[in-house]
Amino acid sequence: MKAVVTVIGKDSVGIIAEVSAECAKHNANIVDITQSVLKDYFAMIMLVEIDNMKTEFSSFQKELGALGERKGLDIRAMHEDIFNSMHRI
Amino acid sequence: MLNINDILETVNMIKQENLDIRTITMGISLFDCISDDQKKLESKVYDKITKSAENLVKTAIDLENTYGIPIINKRVSVTPMALVGANCDKDGFVRLAQVMERAADTLGINFIGGFGALVQKGMTRGAQNLIESIPEALATTNKVCSSINVASTKAGINMDAVKKMGEIMKETAYLTRDRDSIGCAKLVVFSNIPEDNPFMAGAMHGMGEPETVINVGVSGPGVVASAIKREGECDFSHLADVIKKTAFKITRVGQLIAYEASKRLNTPYGIIDLSLAPTPAVGDSVAHILENMGLEKCGCHGTTAALAMLNDAVKKGGVMASSHVGGLSGAFIPVSEDAGMISAAECGALSIEKLEAMTAVCSVGLDMIAVPGDTSASTLSGIIADEIAIGVINNKTTAVRLIPVYGKGVGESVEFGGLLGHAPIMKLSDYSSDEFIARGGRIPAPIHSLRN
C-alpha cells in the first residue's frame with residue numbers, strides 16, 4: 001500500500017530533509033518525489049510505501065501535520081486510492 | 001506515478017473548497033424487533049441498533065484518517081417506526097423515539113432517522129398514533145428525525161394526512177418554542193419518499209432493503225462553484241461538461257468511501273446519494289453555484305433554468321462514477337443551510353414562490369424555510385399540498401420542511417446553529433386555504449398519458 005504525502009506552502013531551507021527524516025523515523029519508504037517551486041510557492045509530492053511502517057498511519061499523519069505547523073506548511077498524508085479513484089477511470 | 005496537478009487538485013478541493021463526505025448512514029431493519037410487549041419492543045430496538053452499528057463511528061473516523069477526507073456525519077436509519085411499533089399507543093411511540101435517542105447517544109452518531117410512517121393512501125392505527133406522538137417525541141429528543149410520506153404518484157395525495165401534518169408542524173413548533181421551534185427542523189413531509197436516502201431528516205430503511213446496509217451521501221457545492229468560476233466565460237454546453245466532470249470526481253470519492261466502509265463493517269453497500277448538499281459555511285453553497293453561472297442573485301429570473309441544468313449535469317457525471325445511485329440524488333436548496341440562499345432571502349431576491357418553482361427541477365423541496373410563528377395550520381397544509389402535488393404529478397420526490405418559528409414574524413431571523421444554520425422569516429400569502437384543506441379525502445393519482 002502506498003500513501004501520497006503532499007507538502008504545500010512557502011519555500012524555505014530544509015523542507016525535503018525534514019519531511020524525509022519524518023518518513024524514515026516511521027519506516028515509510030519513499031519511492032518517488034516530485035516537486036516544483038513557483039515564485040516562493042513550494043509544492044512537493046512524495047509517494048511512500050506504508051506496509052512496513054513501525055507506527056500507525058494516523059500517528060504518521062499527525063506528526064507530519066505537526067511538522068507542517070512548525071514550518072508554516074500544509075503537510076498531509078493520504079492513501080493513494082483517493083487520488084486513483086478520483087482521477088483514473 | 002500520479003500526476004502532480006491531479007494530486008494538488010484533490011488536496012485543494014478538500015482544503016479550500018470544502019469537499020467532504022456528508023454522511024455515512026447505516027440502514028438497519030427493525031422488523032425482527034416487533035413485539036406486543038412494549039418493554040420487550042424497546043429493549044429489542046435498542047439492542048438491534050446499538051449492536052448493528054457498534055463500529056460505525058470508529059470505522060468512519062478510520063476512513064477519514066486513511067483517505068484524508070472529512071466525513072461530517074455518521075447516521076443510522078431504521079425501518080419506519082409506525083410499522084415496527086404498530087401496536088403502540090401515542091405514549092408508546094414517544095418512548096420508542098426516546099429509545100432511538102438513547103441508542104444514538106450510545107453509538108455517538110449525529111442523527112437517527114426513521115421515526116416515520118407511510119400514509120400515502122391511508123393511516124393504520126399505528127401510523128395515526130405515531131403521527132400524534134411526533135411533537136412530543138421531537139421535543140424530548142435531539143437526534144431523532146421524523147419523516148411522513150403523504151403521497152405518491154401511484155396512490156395520489158392523502159389530503160387528510162396533509163391536513164394533519166400542518167397541525168403537527170404547528171404543535172411541534174410550539175413544544176420546542178424555547179429553542180426557536182427547532183423540533184420542526186427534524187420533521188419532513190414527503191411525496192414519493194425514497195427508501196434508501198442517507199440524508200436527514202428524511203432517512204429511513206425501506207421495506208425492500210436488506211438487514212443492514214451502508215448508504216453514503218456526498219457533498220461538494222464549493223468544488224462545483226469553483227470549477228465554474230475557473231472556467232470563466234463559456235457557453236452552456238461547455239458549462240454542463242465542467243459540472244459533469246466535477247460531479248464525477250466528487251462521486252468517485254463517495255464510491256471509494258462507501259466501498260471501504262461496506263468492507264470494513266461487513267455490511268452490504270447500498271447506494272451513493274449524488275446530492276450536492278450545502279452547509280452554511282462560506283464556499284459551500286448551491287446558491288453560489290447558480291450565481292457563478294451569471295445570475296446576480298439566486299432567485300432572480302433564470303434561477304430555475306440554472307438549477308435544472310446543474311441538477312441534470314450532477315446526475316450525469318455522478319451516475320458514471322458509481323455502481324449504484326439512489327436516495328435523493330440532486331441539488332439541495334435548504335434555505336437556512338446555505339450561505340447564498342440566506343443572503344438571497346435576506347435581500348428579498350428569493351421568495352417562497354420562487355423556491356417552489358425551483359423544487360420542480362431539483363431534488364427534495366421546500367427545505368429549512370422559516371415562516372412566521374402565527375401561520376395557521378391550514379396555511380402550512382396548503383404549502384405542503386402545493387409542494388407534494390409537484391412531486392406527484394412530475395413523478396419525483398418532493399418534501400416540505402418548514403419551521404413556523406413560535407413568537408417570530410417577517411423581518412426577524414432565527415439561528416439554529418451548526419449544519420442547520422440561520423434564516424430570515426419568509427413572507428407567506430395573506431389569504432386563507434382553510435376551506436380547501438378542510439375538505440379532506442384523497443386527491444386521485446394522476447394520469448400518465450396525455451402529458452402536458
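**Exercise 1. Find how many residues of chain B are in contact with chain A, and describe that side of chain B.**

Step 1. Two residues are in contact if their C-beta atoms, placed from the backbone, lie within 7 Å. By this rule, 19 residues of chain B are in contact with 22 residues of chain A. The model is predicted: local features need pLDDT of at least 70 and side-chain atom pairs count only at pLDDT 80 or more, while totals for chains, interfaces and linings use all residues. Residues are numbered from 1 along each chain as its sequence is written, and chains are lettered from A and ligands numbered from 1 in the order in which they are written.

Step 2. Helices H1 (4–15), H3 (56–67) and H9 (236–265) of chain B each give two or more residues to this side; helices (H or I, at least four residues) and strands (E, at least two) are DSSP runs, numbered from the N terminus. H1(B) gives the most, with seven residues.

Step 3. By type, the side has 10 nonpolar, five polar and four charged residues. Ala, Val, Leu, Ile, Met, Phe, Trp, Tyr, Cys and Pro count as nonpolar, Asp, Glu, Lys and Arg as charged, and the others, Gly among them, as polar.

**Exercise 2. Describe how domain 1 of chain B touches domain 2 of chain B.**

Step 1. Chain B is divided into domain 1 (27–55 + 72–191) and domain 2 (216–441), with bounds from an automatic or database domain assignment.

Step 2. The contact takes 30 residues from domain 1 of chain B and 34 from domain 2 of chain B.

Step 3. On the domain 1 side, H7(B) supplies the largest share, 11 residues.
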